[in-house]
Amino acid sequence: MEYWLAWFHEGNDQVKQVAAAAEKMGYAGIAVSDHVAIPRDYTAVHPSGQRHIHAHTRFPDPMITIATMAAVTEQLRFMTYVYVLTMREPFSAAKQAATLAMQTDNRFVFGVGAGWCEDEIAVLGHDPRNRGKRMDAMLEVMQDFWEDGMAEADNAFYRFPPTGQFPVPGKVPVWIGGKSPAALRRAARFDGWMGMNYPMAEIRELLDRLNAERAIVEAERGTEPFGRFVMPQTEPDPGIYHQLEDWGIDGTIAMAWTVDDPAFHPLEAKLEAMEQFADRFIKPR
């Protein structure tokens, strides 16, 4: 089981110190959350059913944050958890992901999702009603750029002539977040799946559905590496992590401290919590 430190709702300070400490303590990576502009009175409901963010919640740009963290580490990996692709257009998203993958020596996993906050997607100028199909069209364009630097499109969402984007990364690992049937089918076609804050019973059900979808894909393409990553809706516990590992989960979020708890705003408190988590779950292995 890999443990990826959660970097959720944090500011722009402490980024370098936390990344350097995470690498020394043995964390596999850091997972960085994403939102752009949250409407104060949004009405969308998070899949967990909780209203866990608001207009003043801190969300530094995840790509820049990861680049900063990568600059002070050598082995630590990074993922967007989860980058809301449908709030963007595919050209700059492809460019940023490719640049980050190459400049981090391929230590970057591009975790993307269609997004749950329809209000935010609309504020940024995109139609939330077609976000799933539009995301599929975006990923097709982006993968074309990543493969050989050239892409073109003529569909309901994008229409442009042969267009170049260089340099070419060759491969950017794409893991798909979400739990809807469409999200699981989409994840099965890419490099991995990211689940977010689900009860254990639901995780088991989602894995069964995901594995069935992945089996269909592998019957067509053959067996390829595929990641399964989830954050259980429970307190950190060795028994829980062992169960997830038995189910085929490769990695999980390490919630070393309570998100939004003022007691963990000081850097010293974060580092102490990280050390305690590492002593309990990472170093014994």
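Biologist: Let's begin with threonine 104: is it buried or exposed, and what makes you say so?

Modeller: Buried means under 20% relative accessible area, exposed over 50%, and partly exposed in between, using a 1.4 Å probe and protein chains only. Threonine 104 has a relative accessible area of 2%, so it is buried. Before we go on: this is a predicted model, where local features need pLDDT of at least 70, side-chain atom pairs count only at pLDDT 80 or more, and totals for chains, interfaces and linings use all residues. Residues are numbered from 1 along each chain as its sequence is written, and side-chain values use heavy atoms, with hydrogens and water left out.

Biologist: Where is threonine 104 found, and what does its side chain reach?

Modeller: Threonine 104 sits in the loop between H3 and strand E5 (108-113); helices (H or I, at least four residues) and strands (E, at least two) are DSSP runs, numbered from the N terminus. Its side chain reaches the backbone oxygen of leucine 100 at 2.7 Å. A polar contact is a pair of N or O atoms within 3.5 Å; within protein, one must be able to donate a hydrogen and the other to accept it, and residues adjacent in sequence count only if both atoms are side-chain atoms.

Biologist: What does glycine 239 count as, and why?

Modeller: Glycine 239 lies in helix H8 (residues 238-246). Its relative accessibility is 42%, so it counts as partly exposed. At the start of H8, a side-chain oxygen of aspartate 237 comes to within 2.8 Å of the backbone nitrogen of glycine 239.

Biologist: Which residues of H8 are buried, and how do you know which side they are on?

Modeller: Ile240, Tyr241 and Leu244 are buried in H8. They cover an arc of only 95 degrees around the axis, which puts them on the same side of H8. The arc is that of the directions from the helix axis to the C-beta atoms. As a general rule, an α-helix has 3.6 residues a turn, so residues three or four places apart point the same way.

Biologist: Which residues of H2 are buried, and why do you say they line one face?

Modeller: In helix H2 (residues 62-71) they are Pro62, Met63, Thr65, Ile66, Met69 and Ala70. Seen down the axis of H2, they fall within an arc of 160 degrees, so they line one face of the helix. The face turned away from that buried side carries the exposed residues Ile64 and Ala71.

Biologist: What caps the N-terminal end of H2?

Modeller: Aspartate 61 does, with a side-chain oxygen 3.0 Å from the backbone nitrogen of methionine 63.

Biologist: Why are H3 and H5 called oblique to each other?

Modeller: The axes of helix H3 (residues 90-103) and helix H5 (residues 131-148) come within 9 Å and cross at roughly 45 degrees. Angles under 35 degrees count as roughly parallel, over 145 as roughly antiparallel, 65 to 115 as roughly perpendicular and the rest as oblique. H3 and H5 are therefore oblique.

Biologist: What about glutamine 14: buried or exposed?

Modeller: Glutamine 14 is in the loop between E1 and helix H1 (15-25). Its relative accessibility is 12%, so glutamine 14 counts as buried. A polar atom of its side chain lies 2.8 Å from the backbone oxygen of histidine 265.

Terms used:
Axes are lines fitted to C-alpha atoms, for helices over the stretch in contact, and angles run from 0 to 180 degrees between N-to-C directions.
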